[in-house]
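Here is a short report on one protein model. Please keep the sequence and the 3D view open while reading.

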Amino acid sequence: MIAIGFRGRASARALSLALLPGLLLVSATAPRAEVSLDGSFRFGYGTRERELMEGSAQLELRGDHDINDSLAVVGSVRARIQSIDLLEPGTPAYDTYSDASRPWTPSSQVTVELRDFFVEWRPGEQRFIVGKQQVVWGNLDGLRVLDQMNPHSFREFILADFDESRINLWSVYGDLSLLGFRAELLWNPDTTVHDIPEAGAWFELTAPRFRYGADPDAPGLPVRTDLPQDFEDGTIGGRLSRRVGGTELRLQAQTGLDYEPLGRVIIDDGQPVLERYYERREIYGASLETAFGGYVLRGELSAQPKRFLPVLTDGRPDAATGDQWTAALGLDVDAPFDTFLNVQYVFDRIEKAPEGLIRNKTDHIVTATLRRSFAYEALAVEARWYGNLEDNDGLARLILRYTMDGGATLGLSGDYFYGQVEGIFGQFKERDRITLFVDFRI
């Protein structure tokens with residue numbers, strides 16, 4: 001499958017979509033199989049613009065077929081139909097996707113994406129997966145420090161669940177026991193990188209740190225993407241885990257494509273163009289997770305030595321290297337009145353910062369989540385807050401969910417951004433919204 005996926009590229013993507021209905025049909029008639037259909041309807045309203053900014057329906061069809069006790073085939077495809085779309089007006093280019101992973105857009109209102117398509121082999125206590133998948137190597141809530149093996153779609157900034165926004169890649173994954181450790185190995189030959197909202201999108205990134213130093217209101221140049229397409233440009237990673245007493249300890253290392261773009265101005269047909277391009281990086285990390293009483297403590301530490309970072313040189317976008325260190329702590333608390341509380345702190349620092357560095361040398365990110373259920377867990381209320389203490393900006397979010405007798409969920413969410421337009425969160429201060437949604441499964 002991998003050889004087809006990367007030597008045939010576009011044809012492999014079409015072949016996978018063509019084979020998936022067969023998998024679903026086999027799953028529907030197999031003795032040990034599952035077929036599910038998840039759907040949702042969403043209506044979003046921009047509170048400051050006072051306009052309906054989203055009206056969409058989404059369906060995800062999934063088939064899971066056990067060939068025998070140790071071999072399974074899994075596939076899923078997701079289709080999104082937009083009637084009102086200010087999140088991504090027009091037809092998205094998806095130029096940050098590899099040819100084998102790029103979603104299909106038959107029209108500006110319809111997007112079809114192959115989410116999963118893999119074979120899983122479980123000999124004894126070992127596990128091997130080959131195909132399109134996602135692998136999560138991180139234990140924080142809504143933050144990414146060591147969760148770096150798959151790129152993300154920032155179509156909704158960081159507001160979508162990571163399981164939804166994480167981009168599945170064509171990969172080879174192994175999970176096995178090694179000298180008393182759990183050893184996980186991953187090879188991502190897929191060169192897909194972060195999906196960045198295009199100009200005019202609702203969550204277009206306008207802060208200078210994401211525009212290579214340009215002011216938020218400065219006109220932008222035409223953008224093109226120089227994306228490596230050869231599978232040897234992909235990512236290789238490994239993780240060792242072991243439980244010591246009541247604490248889970250993990251060590252992680254990876255090398256491969258940096259999913260965050262660099263920028264340079266080039267001349268194309270006599271006109272200046274901003275070209276996004278990608279360098280390689282190395283990540284070394286450690287994490288722990290332990291429980292005591294009614295508390296769960298999580299910690300992550302990562303080092304990215306000599307990482308390429310966006311800088312300004314003589315007022316023009318450029319790149320230079322610096323050492324990036326990130327440390328995070330998270331605490332889950334079983335609070336009074338059956339309330340769940342999560343607080344997290346992330347310290348991110350650039351050592352040996354190059355001259356002309358665009359981003360802050362240091363960021364302090366704090367998050368807090370409060371969750372409570374009522375009416376025999378039919379009604380759930382969740383409040384979230386994200387803040388960058390360095391820029392004094394943030395995001396507040398309130399979500400209400402009601403699960404009906406048939407299993408469908410009716411929900412309402414509100415997102416409020418504040419701070420300076422140069423900040424990570426403050427750049428969206430004109431993008432507050434209220435979203436009504438219905439989720440169901442058939």
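## Terms and basis

Buried means under 20% relative accessible area, exposed means over 50%, and partly exposed lies in between, with a 1.4 Å probe and protein chains only. This is a predicted model, in which local features need pLDDT of at least 70, side-chain atom pairs count only at pLDDT 80 or more, and totals for chains, interfaces and linings use all residues. Residues are numbered from 1 along each chain as its sequence is written, and side-chain values use heavy atoms, with hydrogens and water left out.

## Confidence

pLDDT is the predictor's confidence in each residue, from 0 to 100. Its mean over the protein is 91, and 93% of the residues reach 70 or more. Residues 1-12 have pLDDT below 50. In the model, that stretch still has 26 contacts beyond near neighbours in sequence. A contact means heavy atoms within 4.5 Å.

## Aromatic residues

Rings of Phe, Tyr and Trp (its six-membered ring) pair if their centres lie within 6.5 Å; planes under 30 degrees apart count as stacked, over 60 as edge-to-face and the rest as tilted. The structure holds 13 aromatic pairs. Tyr416 and Tyr418 are stacked, because their ring centres are 6.2 Å apart and their planes meet at 25 degrees. Tyr418 is partly exposed, at 27% relative accessibility. Tyr416 is also partly exposed, at 43%.

Which residues form one aromatic cluster? They are Phe157, Phe203, Tyr386, Phe417, Phe425 and Phe428.

## Strands and pairing

Helices (H or I, at least four residues) and strands (E, at least two) are DSSP runs, numbered from the N terminus. Two strands pair if DSSP finds at least two bridges between them. Strands of a sheet pair through backbone hydrogen bonds, either parallel or antiparallel.

Strand E2 (residues 51-66) and strand E3 (residues 71-85) run antiparallel and are joined by 13 bridges. A hairpin of 4 residues links E2 to E3. Leu59 stands opposite Ala79 in E3. E3 also runs antiparallel to strand E5 (residues 110-121), with 11 bridges between them. There, Val74 stands opposite Phe118 in E5.

E9 pairs with strand E13 (residues 271-277) in the parallel sense, over 4 bridges. Val223 stands opposite Leu274 in E13.

## Two buried glutamates

Glu382 lies in strand E19 (residues 379-388). It is buried, at 8% relative accessibility. Its side chain makes a polar contact with the side chain of Arg384, at 2.6 Å. A polar contact is a pair of N or O atoms within 3.5 Å; within protein, one must be able to donate a hydrogen and the other to accept it, and residues adjacent in sequence count only if both atoms are side-chain atoms. Not counting residues up to four places away in sequence, Glu382 touches Thr369, Leu370, Arg371, Arg397, Leu398, Ile399 and Arg401.

Glu156 sits in the loop between strand E6 (127-133) and helix H3 (162-165). Is Glu156 buried or exposed? At 11% relative accessibility, Glu156 is buried. Its side chain makes a polar contact with the side chain of Arg42, at 2.8 Å. Leaving aside neighbours within four places in sequence, Glu156 is in contact with Arg42, Leu87, Phe203 and Arg433.

## Exposed loop residues

Leu179 is in the loop between strand E7 (169-178) and strand E8 (181-188). Its phi is near 55 degrees, a positive value in a residue other than glycine. Leu179 is exposed, at 78% relative accessibility. Lys352 lies in the loop between strand E17 (339-351) and strand E18 (362-374). Lys352 is not a glycine, yet has a positive phi of about 50 degrees. It is exposed, at 67%.

Asp405 occupies the loop between strand E20 (393-403) and strand E21 (409-418). With a relative accessible area of 86%, Asp405 is exposed.
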